[in-house]
Amino acid sequence: YETFDLEAAVSGPLTETLSARLSYKGYYSSSDGYFINDFNGDELGKAERTALRGQLLWEPSDRFDARLIVNYGEEDSDTCEHPRRKQRWRYLCAGD
């Protein structure tokens, strides 16, 4: 299976009271032919996922801090759910 998985993060202070962190996670799999669409015979199996997270930490005093977290995620996949689990590797994709 052709898969690629990447995780990365960078963080640090922006000012004396404000710091930031940005993290990324990506996954890619191009295992074409892993599934078969029973309606049109297409080979399926590709999956791409991306996730980003940004964080800001504000610490104006020793008694108070606030953190803002923003998340983003996206998935592009051509796999489908099978209605009968007994028949392995052949998937029905309604609407294809």
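Colleague: Which residues does Ser23 touch, not counting residues up to four places away in sequence?

Modeller: A contact here means heavy atoms within 4.5 Å. By that rule, and leaving out residues up to four places away in sequence, Ser23 touches Ala8, Ala9, Ala51, Leu52 and Arg53. Keep in mind that this is a predicted model, where local features need pLDDT of at least 70, side-chain atom pairs count only at pLDDT 80 or more, and totals for chains, interfaces and linings use all residues. Residues are numbered from 1 along each chain as its sequence is written, and side-chain values use heavy atoms, with hydrogens and water left out.

Colleague: In which strand does Ser23 lie, and does Ser23 count as buried or exposed?

Modeller: Helices (H or I, at least four residues) and strands (E, at least two) are DSSP runs numbered from the N terminus. Ser23 lies in strand β2, residues 18–37. For accessibility, buried means under 20% relative accessible area, exposed over 50%, and partly exposed in between, with a 1.4 Å probe and protein chains only. Ser23 counts as buried because its relative accessibility is 18%.

Colleague: How many salt bridges does the rule give?

Modeller: Side chains of opposite charge can pair when their charged atoms come close. The rule asks for a side-chain nitrogen of Lys or Arg within 4 Å of a carboxyl oxygen of Asp or Glu. The count comes to three.

Colleague: Which residue forms a salt bridge with Asp5?

Modeller: Lys25 does, with the closest N and O atoms 3.5 Å apart. Asp5 is in strand β1 (residues 3–13) and Lys25 in strand β2, so the pair links distant parts of the chain, 20 residues apart. Asp5 is partly exposed at 47%, and Lys25 is partly exposed at 36%.

Colleague: With which residue does Lys25 form the salt bridge whose closest N and O atoms are 3.1 Å apart?

Modeller: That partner is Glu7. Glu7 lies in strand β1 and Lys25 in strand β2, so this pair ties together parts 18 residues apart in sequence. Glu7 counts as exposed, at 57% relative accessibility.

Colleague: What is the closest N and O distance between Glu75 and Arg49?

Modeller: The distance is 3.7 Å, and the two form a salt bridge. Glu75 in strand β4 (residues 64–77) and Arg49 in strand β3 (residues 43–61) are 26 residues apart. Glu75 is exposed at 51%, whereas Arg49 is partly exposed at 39%.

Colleague: Which residues do salt bridges with shared partners join into one network?

Modeller: Asp5, Glu7 and Lys25 are joined in this way.
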